[in-house]
Amino acid sequence: MAREQALLSTEIVNRGVEPSGPDAGSPTFSVRVRRRLPDFLQSVNLKYVRLGYHYLISHGVYLATIPVIVLVCGAELGSLSRDELWAKVWGEATYDLATVLAFLAVLAFTISVYIMSRPRPVYLIDFACYKPADALKVSKAEFIDLARKSGKFDEESLAFQSRLLAKSGIGDESYMPRCVFEPNANCATMKEGRAEASTAMFAALDELFDKCRVRPKDVGVLVVNCSLFNPTPSLSAMIVNHYKMRGNILSYNLGGMGCSAGVIAVDLARDMLQASGAGLAVVVSTEAVSFTWYPGKRRSMLIPNAFFRAGCAAVLLSNRRRDFHRAKYQLEHVVRTHKGADDRAFRSVYQEEDEQRIKGLSISRDLLEVGGHALKTNITTLGPLVLPFSEQLLFFAGVLFRHLFPASSKAAAAAPYIPDFKRAFEHFCMHAASGDVLEHLQANLGLRDADLEASRAALHRFGNTSSSSIWYELAYLEAKGRVRRGDRVWQLAFGSGFKCNSAVWRAVRRVRRPARSPWLDCIDRYPARMDA
């Protein structure tokens, strides 16, 4: 009971003056009880830390043994003078041609196997974010006005969406397809879905191919992710058809994987590049807002209406070594966490019909708590891969001490050491789900306002663009001219299932301000007050 109460917060809401009834004219108040994001850094499970360190050790065994061998050989050679070393090599040893040739052959073979077995690095050459037409801009006031005129909502539902918008962190310039506001019309049709998806995807891809000077036929791997709109033929097939791509292209279409599917798509593209040697891969991340729109009365299903907005990103990846000189970033790590085995996590974001059989996306009250536990697992696996050794040592020592001596008064009184992720990353691209989620992430990860500037700016300017939001945030950092050579970027996204996924990129060169960006006409207005 105490643990459950710790996850709850209360808020007194002034509901105004009662218009009618026995209490007419009297002010009314209500108490709202909500779940908080759990303080996951205070309750790290040791098995996840062990998993992270196992991951680190399995990839770093060569780095651990080679320095030891070099140290031993160096100590042995350092004890000999130059004359003694020369005498041992040429005076006391005898060689024949067969021995020398055999040694050189074994050495060449070993080096060749090592080079060929090493996975090639994956580079991000460039990316493009879709900027919809100005005709699709919608302010918060216009949103409510158009929703009212559509005749699909009662006043109570409109008031609820208005309150969500007021504290959402979204500004007055985000984009929505106008079909969702059409009176007495079903916007979730195949025709509307294809039109919305094709407009966004083709605009982003056109810009990407033009910026990178790449022909569509040169692309060997194509991965498209869109959670709710999955037609037949697939969205990836639409792209192949539109650009007349080659017949042996490896194309994949990911559906129903939520806002974290962008990182999953990057991970799949990386694996396909490593396995097939295709050279170039394109990842397209988008969402069809017309299929997230819910014209009913259930409050849990009205939440996506207030947050989701139109957006799309297209990314060009390569594992060709010659592309290093024109690439922007190198992919260092992808860490994926899936909590689908837990029933609450599985149903926290759930597509279903309401009592009137109207389809919508239901957001559970448990979402923040579920997301906190998923994030806890993800960062404790990611931490050993990216944190400096001093941070890892302090963090692991604290967890180990609490695990070995749980009854100790010192262990019970001492707060766990919270790793400083600002020492691991220069830039943070946290999924811009809502202002509330970003506030909880900032508090629990110990981040500064400047660290989440890109996330809050993307949320304010473009809204929650689902899986593409992390790319709008990276575009913001580039438009500000802040990405320098060697900087590491952490992209973190949450998705239905429930999933929490991280991607870590390292800038291979200084990224200059791009000539084409969705931020060019407004970048000077940020950072600004996001509550406007």
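**View 1. Leucine 104 in the predicted model.** Leucine 104 is partly exposed, with a relative accessible area of 46% (buried means under 20%, exposed over 50%, partly exposed in between, with a 1.4 Å probe and protein chains only). The residue belongs to helix α4 (residues 97–117); helices are DSSP runs of H or I with at least four residues, strands are runs of E with at least two, and both are numbered from the N terminus. Val100, Leu101, Phe103, Leu104, Leu107 and Ile111 make a nonpolar surface patch of about 550 Å². Patch residues have over 30% relative accessible area and no salt bridge, with nonpolar side chains (Val, Leu, Ile, Met, Phe, Trp, Tyr) joined within 5 Å and like charges within 9 Å. A salt bridge is a side-chain nitrogen of Lys or Arg within 4 Å of a carboxyl oxygen of Asp or Glu. Areas come from the Shrake-Rupley method with a 1.4 Å probe, and for residues only the protein chains shown count as cover. This is a predicted model in which local features need pLDDT of at least 70 and side-chain atom pairs count only at pLDDT 80 or more, while totals for chains, interfaces and linings use all residues. Residues are numbered from 1 along each chain as its sequence is written, and side-chain values use heavy atoms, leaving out hydrogens and water.

View 2. The order of the 9 strands is β7-β6-β8-β9-β3-β10-β15-β14-β13, with mixed pairing; two strands pair if DSSP finds at least two bridges between them. β7 (250–254) and β13 (427–430) are the edge strands, each with a single partner, so one side of each has no neighbour in the sheet. Direction ignored, neighbouring strands are turned by 20° against each other on average (axes are lines fitted to C-alpha atoms, and angles run from 0 to 180 degrees between N-to-C directions). Strand β6 (residues 221–225) runs parallel to β7, joined by 5 bridges, and valine 223 stands opposite tyrosine 252 in β7.

**View 3. Strand β10 and its two neighbours.** Of the 10 residues of β10 (residues 329–338), 7 are buried, so the strand is largely enclosed by the rest of the structure. Strand β3 (residues 123–129) pairs with β10 in the antiparallel sense over 2 bridges, and leucine 124 has tyrosine 329 as its bridge partner. Strand β15 (residues 499–507) is also antiparallel to β10, with 9 bridges, including the one between valine 335 and serine 502.

**View 4. Aromatic pairs.** The structure holds 22 aromatic pairs; rings of Phe, Tyr and Trp (its six-membered ring) pair if their centres lie within 6.5 Å, and planes under 30 degrees apart count as stacked, over 60 as edge-to-face and the rest as tilted. Phenylalanine 229 and phenylalanine 291 form a tilted pair, 4.8 Å centre to centre with 45° between the planes. Phenylalanine 229 lies in the loop between β6 and α8 (235–243) and phenylalanine 291 in helix α10 (residues 289–292), 62 residues apart. Both are buried. Phenylalanine 425 and phenylalanine 428 are edge-to-face at 6.0 Å and 75°, and both are buried.

View 5. Most residues other than glycine have a negative phi, and most peptide bonds are trans. The bond from threonine 232 to proline 233 is cis, with omega near -5°; proline 233 lies in the loop between β6 and α8. Arginine 213 has a positive phi near 55° and counts as exposed at 80% relative accessibility. Serine 466 has phi near 65° but is buried, with a relative accessible area of 2%.
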